[in-house]
Amino acid sequence: MGQKITREEFHRTYTEEPHATRRKLILQKHPEVKQLFGPDPWTGVSMIAMVIFQICSLFFVVHMRWWEFLLMAYFVGGTVNHSLVAGMHECVHYLIFGYKYPMGNMMVALIANLPLGAPLSAWFREYHMEHHKFQGVEGIDTDLPTEYEIKLFNTTGGKILYLALRFLTYGLRPIFVKPKPLTTFGLVSFIVQFSFNYAVFEIFGVKALVYLIVCSMLGMSLNPLAGRFISEHVVFTKGYETYSYYGPLNKLGFNLGYHNEHHDFPFIPGSRLPKLREIAPEFYDELPQCSSWVSIFYHFVMDPSIGPAARIARDQALLNKKREEKNSVRPNNLPAFG
């Protein structure tokens with residue numbers, strides 16, 4: 001399966017994630033950044049348009065030969081489905097209608113989920129908010145690969161398989177690492193998704209349903225947009241755990257490539273993240289960046305020092321202990337009176 005990976009353990013750190021600190025510094029120096037806060041309903045409009053496009057494409061897909069089917073799924077359908085996942089990310093941050101209308105945001109996510117074939121929206125918000133609040137904390141941030149993934153995909157060939165199976169690990173890892181009870185919205189997500197799948201099967205046939213699922217599998221694994229899964233938090237430069245990409249593919253992914261900016265200000269919609277960087281370039285231009293979502297596949301696979309374990313990990317108990325030590329005032333340090 002090729003060359004063995006030289007790193008099979010996470011990069012350990014005992015410091016807090018950097019985004020809250022940088023957010024505070026930026027707001028102190030550039031208070032005008034607050035004007036970028038708030039929702040962008042046009043993102044929701046774009047997502048609905050993509051859902052309609054995917055459904056309409058089924059009229060043509062069912063008549064395609066298999067090689068046409070696969071090309072369409074990789075270059076067109078996979079790109080659209082990945083864009084929908086990026087749009088759902090905006091929804092779970094309540095960036096479509098704002099925090100006053102949480103269910104409105106989640107309804108858009110529910111609709112955007114339809115062409116994906118699997119109900120990713122069911123627990124998306126719960127797990128993703130923990131990724132922001134507890135970035136890199138083992139057992140809480142389910143964006144971190146599991147020990148089994150690190151040991152299983154520890155060669156060059158294994159890394160290719162790891163990337164190819166991204167759709168499964170992205171969807172299933174959270175359920176195994178940190179199971180959550182099924183909420184009412186989660187139940188509705190399952191019912192709506194499988195009802196849609198059944199409708200597609202009845203109206204268009206099994207080929208159309210397979211097409212949508214293949215689109216998701218390719219779009220979330222080996223599609224150029226999926227390079228963001230590597231670029232966002234894989235440690236390519238020691239000491240840095242989040243990386244931004246500023247290339248043209250951002251236009252297809254709601255600017256999710258602006259990932260440092262997003263983690264610093266998760267309440268700014270993707271459409272305004274370039275403006276954030278424009279206002280505060282001194283905080284971002286010197287950080288390590290990803291130059292290409294395409295070439296990063298090659299670097300990830302071929303570099304023996306990079307693999308699933310190339311992530312920064314934290315121990316929450318140790319962080320809590322450090323906070324307590326920092327904030328505590330010991331009685332024996334106080335002056336004695338008597």
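Is Glu-232 buried or exposed? Glu-232 counts as buried, because its relative accessibility is 7%. One thing to keep in mind while reading: this is a predicted model.

1. **The pair around Glu-232.** Glu-232 has a salt-bridge partner, Arg-228, and the closest N and O atoms of the two are 2.7 Å apart. Arg-228 counts as buried too, since its relative accessibility is 5% and the cut-off for buried is under 20%.

2. How many salt bridges does the structure hold? There are 14 of them, and the Arg-228 to Glu-232 bridge is one.

3. Have a look at Glu-278 and Lys-275, which form a salt bridge with the closest N and O atoms 3.2 Å apart. Both residues sit in helix α13, which covers residues 273–279. They are three residues apart, or about one turn of the helix. Glu-278 is exposed, because its relative accessible area is 56%, while Lys-275 counts as partly exposed at 38%.

4. **Arg-277 and Asp-285.** Here is another pair to find: the side chains of Arg-277 and Asp-285 meet in a salt bridge, with an N to O distance of 3.1 Å. Arg-277 is partly exposed, given its relative accessible area of 22%. Asp-285 is partly exposed as well, with 35%.

5. **A network.** Some bridges share partners, and in this way Glu-130, Lys-178 and Lys-180 are joined into one network.

6. **The nonpolar patch.** Which residues make the nonpolar surface patch of about 540 Å²? They are Leu-161, Leu-165, Leu-168, Leu-172, Ile-175 and Phe-176. Helix α8, spanning residues 166–177, gives the most to this patch, with four residues.

7. Where is Leu-165? Leu-165 lies in the loop between α7 (156–164) and α8. Why does Leu-165 count as partly exposed? Its relative accessibility is 31%, and partly exposed is the class between under 20% (buried) and over 50% (exposed). Patches take residues with over 30% relative accessible area, so Leu-165, at 31%, passes that cut-off.

Technical notes
Residues numbered from 1 in each chain as written. Predicted model: local features only at pLDDT ≥ 70, side-chain atom pairs only at ≥ 80, totals over all residues. Heavy atoms only, no water. Patch = residues over 30% accessible without salt bridge, like charges linked within 9 Å, V, L, I, M, F, W, Y side chains within 5 Å. Areas by Shrake-Rupley, 256 points an atom, 1.4 Å probe, with all protein chains shown as cover. Salt bridge = Lys/Arg side-chain N within 4 Å of Asp/Glu carboxyl O. Helix = DSSP H or I, 4+ residues; strand = E, 2+ residues; numbered from the N terminus. Buried < 20%, exposed > 50% of the residue type's maximum accessible area, 1.4 Å probe, protein only.
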